[in-house]
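This briefing covers a metal site and a sheet. Please keep the sequence and the model open while reading.

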Amino acid sequence: MRVLGIESSCDETGVAVYDSKQGLMAEELYSQVELHARYGGVVPELASRDHVRKILPLVDKVLRACPCVDGQPPVDAVAYTAGPGLVGALLVGASLARSLAVGWGVPSIGVHHMEGHLLSPMLANEMPGFPLIALLVSGGHTLLVDVQAHGQYRVLGQSLDDAVGEAFDKTAKLMGLPYPGGPQLAELAEQGDPTRFDFPRPMVKKPGLDFSFSGLKTSVLLTWQASDQSEQVRADIAASFQQAVVDTLTVKVKRALKATGHKSVMVAGGVGANKRLRAELDATCKAVGVRVFFPPTRLCTDNGAMIAYAGWLRLKRDGIGSSYDVPVKARWSLEDLS
Ligand code: KG4
Ligand code: ZN
């Protein structure tokens, strides 16, 4: 079975084809970073318009890379991100996906963006056995999820304010790093001293599995304003901030493992690309005999492959006759899928 996946929930246009026998056959990604950079953040209307410009040529490109039989539809289903995300941007992908599906006479499947992220480590690894803990760390969400099985999700904890990626981006911005700051801050952190500034590890002393990152961000702001704002200070703040985030996430993952007794962790979402986070979660999990799975770095941030794959898993589970053609939603809890 072959599924075309279309992602357009924010500022990346991602398109891919997943084949159940051959794996990922083709993937294309267009990032709108340059378009939004001068505004310091994503401008929703510009994002939608740019998806309209880029999406069809990308679909054309991935389909050309996948040989198909004359007279047959090129894929067996079309999966698209139905939410959560920017509604205008989501509508671009959803409209195209549903039109293509009608034209080809195949089903269309509305995929939950965070389920796409959650399942993405499986594109690289052998299937981790359920149940497991998923740590989803992106620009819009920070979630700890108890995954009982594919499609059965219970949110154990989430951020009460900024998402982790958002905290990375805002911290980078306040120290004058260009948008999108997360990856740049992480790169700068490699030259810094993570022990120089003792930033708070938010909510680690309180019981529970929720997160909060706005206080940490304020603490960085005050430290930055009181400093000489030299290059070394910037790198040391970046490293110390990153360490505070990584420590916080690690503590909460350990706590979730203890609370559930699960023996596997999957990490996904844009911040899952963070090298320090990957290294520390790897070491922590190994030390307690737990397996940890990450997607390949390029599939941590938004992409069409995870949507194609999540769509295929749904079809495999429920059969081609089932209907998943859901309307787009700006807000949508993962738990609603259960
Ligand atoms: O998953 P994603 O592409 O989009 C959302 O669904 O939100 O995540 C994007 C977020 C951004 O906030 C970006 O700064 C952050 O992931 N990010 C990183 C790194 N790479 C991307 N944050 C820290 N370290 C990185 N290496
Ligand atoms: Zn995402």
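Helices here are DSSP runs of H or I with at least four residues, numbered from the N terminus. By that numbering, helix α4 spans residues 113-119. The model is predicted.

**Zinc site**

- The zinc ion (ligand 2) has three protein donors named here: NE2 of His113, NE2 of His117 and OD of Asp302.
- These donors lie 2.0 to 2.1 Å from the zinc ion.
- Along the chain, the donors of this ion are spaced as H-x3-H-x184-D.
- His113 and His117 both belong to helix α4 and are four residues apart, so about one helical turn separates them.
- His113 has a relative accessible area of 6%, which makes it buried.
- His117 is buried as well, with a relative accessible area of 1%.

**Sheet**

- Five strands form an open sheet in the order β8-β7-β6-β9-β10, and their pairing is mixed.
- The edges are β8 (152-158) and β10 (291-293); each has a single partner strand, so one side of each has no neighbour in the sheet.
- From one strand to the next, the twist averages 25°.
- Within the sheet, β6 (residues 132-137) runs antiparallel to β7 (residues 142-149), and six bridges connect the pair.
- Ile133 has Asp146 of β7 as its bridge partner.

**Helix on the sheet**

- Helix α8 (residues 231-260) packs on the sheet and touches β6, β7, β8 and β9 (264-268).
- The direction of α8 makes about 155° with that of β6.

Notes. Residues numbered from 1 in each chain as written. Chains lettered and ligands numbered in written order. Predicted model: local features only at pLDDT ≥ 70, side-chain atom pairs only at ≥ 80, totals over all residues. Heavy atoms only, no water. Donors = N, O, S within 2.8 Å, 3.2 Å for Na, K, Ca; no water. Helix = DSSP H or I, 4+ residues; strand = E, 2+ residues; numbered from the N terminus. Buried < 20%, exposed > 50% of the residue type's maximum accessible area, 1.4 Å probe, protein only. Pairing = 2+ DSSP bridges. Axes fitted to C-alpha atoms, helices over the stretch in contact; angles between N-to-C directions. Contact = heavy atoms within 4.5 Å.
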